[in-house]
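Please find below a colleague's note on the model under review. The points are numbered and may be read in any order.

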Amino acid sequence: MEDGVIKQIGENLIVPGGVKTIDAHGRMLMPGGIDVHTRFQMPDRGMTSADDFYQGTKAALAGGTTMIIDHVVPEPGFSLISAFEQWREWADSKSCCDYSLHINITEWHRGIQEEMEALVKDHGVNSFLVYLAYKDIFQLTDAQVYEVFSVIRDLGAIAQVHAENGDIVAEEQRRILEQGITGPEGHVLSRPEEVEAEAVNRSVTVANQTNCPLYITKVMSKSAADVIAQARKKGTVVYGEPITASLGTDGSHYWSKNWAKAAAYVTSPPLSPDPTTPDYLNSLLSCGDLQVTGSAHCPFNTAQRAVGKDDFSLIPEGVNGTEERMSIIWDKCVVTGKMDENQFVAVTSTNAAKIFNLYPRKGRIAVGSDADLVLWDPDITKIISAKSHNSTVEYNIFEGTEVRGGPLVVISQGKIVLEEGNLHTTEGSGRYVARKPFPDYVYKRIKARSRLAELRGVPRGLYDGPVCEVSVTPKTMTPASSAKTSPAKQPNQPVRNLHQSGFSLSGAQVDDNVPRRNTQRIVAPPGGRANITSLG
């Protein structure tokens, strides 16, 4: 390795003088990990998540990850490019390892499309995330998602989705708070896993209609993972990203008697209360139904979480996981025999590099590739604890978990940053890595599908027969009574629709205003006179 790049690979290499040699006997040399989902230094209502780009990338390197891709979250009403530049400024001054940036779309109009085009062409961005959750804040409508996906496809980028049904979540939050449930358990109760699965299914449907590659972030439940697996079996170009938390722990902790501990697990979509979920997701990751892993690392300290002490919907969301990601996957998948070492490299590094067009610079050990390497010890054991982690928060959601397998030496940009348990990081040494659009790994299939999906009308003569004249009656609906309806404003009397029944369960009928006679003699009742003895 020289100048941050791999120069030679082989046996009996001629080693120049003054070059440091590392003995890797009995260990595994693998590409450095790529954490495809971090949220370092994340702004939230005037607060910032506990780990900035220095602390976050330092924790990543300690766990064997040598590159991160962070999410830029512009406030609605603000420019995407100015938000991107703000994140660049934060990361360039603090990051200890190479990084890149996803851009989150938090609103939709023509100006956003123009900025997306500029970000792809001039700033090396090839992934954008849309929200189906966070109603009245970030959530887009299905029609808007359709438009965004169409733009993303034309730009050769990847469409990422935060998949939850925001409308249902908002209603459930209100209902649960009205029942007096205000603690962290309310968070998971208001976000049952079917609202995640439904949103994943909707995303797949829109992606299929627009022929846009789809990437589901934060796969947290069995049912959401199943939707992705089924869609892939039918040929959809979709990728699933479980995170350290969903692979390594579950949502039973939301019911902890310790409020601060329970609040430390709050993230969206939430961790599944089903304790068999982590093993299930690890199995799908091992067999290829899920392809990449991130951490969604965005922890807040207890004082920050306490903003929601009386209302779970106000608790800042995010968990730790960038340092623990590779060891947890090794322990849960390789040690258990679910996957081999090569599959481990694929789900922690190579697949991400291919999807986001970083390969072969990243995710591969080859001449000319970046010298981002990990010397992995499969036998080392460690107990995860907040006392020893590199994050600044008081709680670690994997507290007490024993994991087997971890990094002995980590090399970033050709420099040793971890050796013998000691970190040697340099603040601001991380480089921004630009990513080109149209990654072959993704878009070869999209282009092939595009050629097959061309629509053609049926050639036929013009119809010149008679055409019936119709009068279009405007649809009228009785507005539902609500607090928003002014009592002074009386709705117009609806026009009767003859296709609807006049019967009403309330007892009121459309002809109640017609005067009736007191008695009416039935001359010939149905079934004959014998059936009725006295009427009228």
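1. Gly124 comes directly after helix α3 and has a positive phi, near 70°. Helices (H or I, at least four residues) and strands (E, at least two) are DSSP runs, numbered from the N terminus. The model is a predicted one: local features need pLDDT of at least 70, side-chain atom pairs count only at pLDDT 80 or more, and totals for chains, interfaces and linings use all residues. Residues are numbered from 1 along each chain as its sequence is written, and side-chain values use heavy atoms, with hydrogens and water left out.

2. Helix α3 itself (residues 110-123) has 14 residues, which should span 20 Å at 1.5 Å a residue; the end C-alpha atoms are 19 Å apart, in agreement. The expected span is 1.5 Å times one less than the number of residues. The buried residues of α3 are Ile112, Gln113, Glu115, Met116, Leu119 and Val120. They cover an arc of only 165° around the axis, which puts them on the same side of α3. Here the arc is that of the directions from the helix axis to the C-beta atoms. Buried means under 20% relative accessible area, exposed over 50%, and partly exposed in between (1.4 Å probe, protein chains only).

3. Arg110, Lys121 and Asp122 are exposed on the face of α3 turned away from its buried side. The cover over the buried residues of α3 includes α2, β6 (98-105), β7 (127-131) and α4. An α-helix has 3.6 residues a turn, so residues three or four places apart point the same way.

4. Val442, Tyr443 and Ile446 are buried in α15. Seen down the axis of α15, the buried residues fall within an arc of 75°, so they line one face of the helix. Lys444, Arg451 and Leu452 are exposed on the other side of α15. Among the elements covering the buried residues of α15 are α4 (142-155), β8 (158-162), β10 (238-242) and α14 (341-355).

5. Phe438 is placed in the loop between β14 and α15. The phi of Phe438 is near 55°, a positive value in a residue other than glycine, and Phe438 is partly exposed at 34% relative accessibility. Asn12, in the segment before β1, also has a positive phi, near 55°. Asn12 counts as exposed, at 78% relative accessibility. Most residues other than glycine have a negative phi, and most peptide bonds are trans.

6. The bond from Ser268 to Pro269 is cis, with omega near -10°; Pro269 lies in the loop between α10 (259-263) and α11 (277-287). The bond from Tyr359 to Pro360 is cis as well, with omega near 5°, and Pro360 is found in the loop between α14 and β11.

7. How many salt bridges does a search of the whole structure find? There are 27, a salt bridge being a side-chain nitrogen of Lys or Arg within 4 Å of a carboxyl oxygen of Asp or Glu. One of them joins Asp52 and Lys94 (3.4 Å, N to O). Asp52 lies in the loop between β4 (47-48) and α1 (53-62) and Lys94 in helix α2 (residues 80-94), so the pair ties together parts that are 42 residues apart in sequence.

8. Arg431 and Asp370 form another salt bridge, with the closest N and O atoms 3.6 Å apart. This pair links distant parts of the chain, 61 residues apart: Arg431 is in the loop between β14 (422-423) and α15, and Asp370 in the loop between α14 and β11 (373-383). Asp370 is buried, with a relative accessible area of 8%, whereas Arg431 is partly exposed at 31%. Both belong to a network of salt bridges that links Asp98, Arg361, Lys362, Asp370, Asp372 and Arg431.

9. For the chain as a whole, there are 15 helices and 14 strands, and 49% of the 536 residues count as buried.

Conventions:
Contact = heavy atoms within 4.5 Å.
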